[in-house]
Amino acid sequence: MVIHMGNHQASLDGVFYALSDATRRAVIHRLGKGPATVSELSKPFDMALPSFMKHLRVLEEHDLIRSTKTGRLRTCRVNPKRLHAAESWMAEQRALWEARSDRLENLVTALYQEEKSR
């Protein structure tokens, strides 16, 4: 069963889509250390600048990064609020699955104790 949660879900879909690529995750990781210019960001990657710019556009479209242009330099910064939204969703999922795991463990322990006492 699929439950649609409106704009919040679509927003999270975009964040996870943007983070689904290793290059984009590496850019986010680098920007976690502070702002950087496009040329600084692209340096570690073996790809043409237009290809790299496509990755930056995806990150900007999903509001994971923001950029400003001063003269010929474009500087990018991470938007921590968007990352926090994904982190919060994952924390909720982790708590849900840990609670399920705990209940399963309790059930198995109770069944084992019951079987042992027979």
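Leaving aside residues up to four places away in sequence, Val-27 touches Leu-41, Phe-45, Phe-52, Leu-56 and Leu-59, where a contact means heavy atoms within 4.5 Å. Val-27 sits in helix H2 (residues 22-31); helices here are DSSP runs of H or I with at least four residues, strands are E runs of at least two, and both are numbered from the N terminus. With 1% relative accessibility, Val-27 counts as buried. The cut-offs for that word are under 20% relative accessible area for buried, over 50% for exposed, and partly exposed in between, using a 1.4 Å probe and protein chains only. Val-27 and Arg-82 are 55 residues apart along the chain, and their C-alpha atoms are separated by 15 Å.

## What kind of model this is

The model is predicted, so to speak of local features takes a pLDDT of at least 70 and side-chain atom pairs count only at pLDDT 80 or more, while totals for chains, interfaces and linings use all residues. Residues are numbered from 1 along each chain as its sequence is written, and side-chain values use heavy atoms, with hydrogens and water left out.

## The chain as a whole

The protein chain has 5 helices and 3 strands. Read from the N terminus on, the elements go α-α-β-α-α-β-β-α. The radius of gyration is 21 Å, well over the 13 Å that the globule rule gives for 118 residues, so the chain is more spread out than a compact globule. For the record, that radius is taken over C-alpha atoms, and the rule is 2.2 Å times the number of residues to the power 0.38. Along the principal axes, the C-alpha atoms fill a box of roughly 80 × 30 × 20 Å.

Buried residues make up 25% of the 118 residues in the protein chain. As for contacts between residues at least 6 apart in sequence, 50% of them join residues at least 24 apart. The chain exposes about 8,800 Å², and carbon and sulfur atoms supply 56% of that area; the areas come from the Shrake-Rupley method with a 1.4 Å probe, and for residues only the protein chains shown count as cover.

On the charge side, there are 19 positive and 14 negative side chains, and the centres of the two sets lie 10 Å apart. Lys and Arg count as positive, Asp and Glu as negative, and His and the chain ends are not counted. Each charge is placed at NZ of Lys, CZ of Arg, CG of Asp or CD of Glu.

## The sheet and its hairpin

Three strands make an open sheet in the order S1-S3-S2, with antiparallel pairing. Its edge strands are S1 (36-37) and S2, each of which pairs on one side only. Two strands pair if DSSP finds at least two bridges between them. S1 and S3 pair in the antiparallel sense over 2 bridges, and here Thr-37 stands opposite Thr-75 in S3.

Strand S2 (residues 65-70) and strand S3 (residues 73-78) are antiparallel too, over 6 bridges. In that pairing, Thr-70 stands opposite Leu-73. The two strands form a hairpin with 2 residues between them, and Gly-71 in the turn has a positive phi of about 65°. Arg-72 is also found in the loop between S2 and S3, and it counts as exposed at 84% relative accessibility. From Arg-72 to Ser-20 is 52 residues in sequence and 30 Å in space, C-alpha to C-alpha.

Leu-12 belongs to helix H1 (residues 6-18) and counts as buried at 2% relative accessibility. Leaving out residues up to four places away in sequence, Leu-12 touches Ala-85, Ala-86 and Trp-89. Leu-12 and Ala-99 are 87 residues apart in sequence and 23 Å apart in space, C-alpha to C-alpha.

His-55 lies in helix H4 and, at 13% relative accessibility, counts as buried. With residues up to four places away again not counted, His-55 touches Asp-21, Thr-23, Arg-24 and Met-47. Asp-63 is found in the loop between H4 (49-61) and S2. Its phi is near 60°, a positive value in a residue other than glycine. At 26% relative accessibility, Asp-63 counts as partly exposed.
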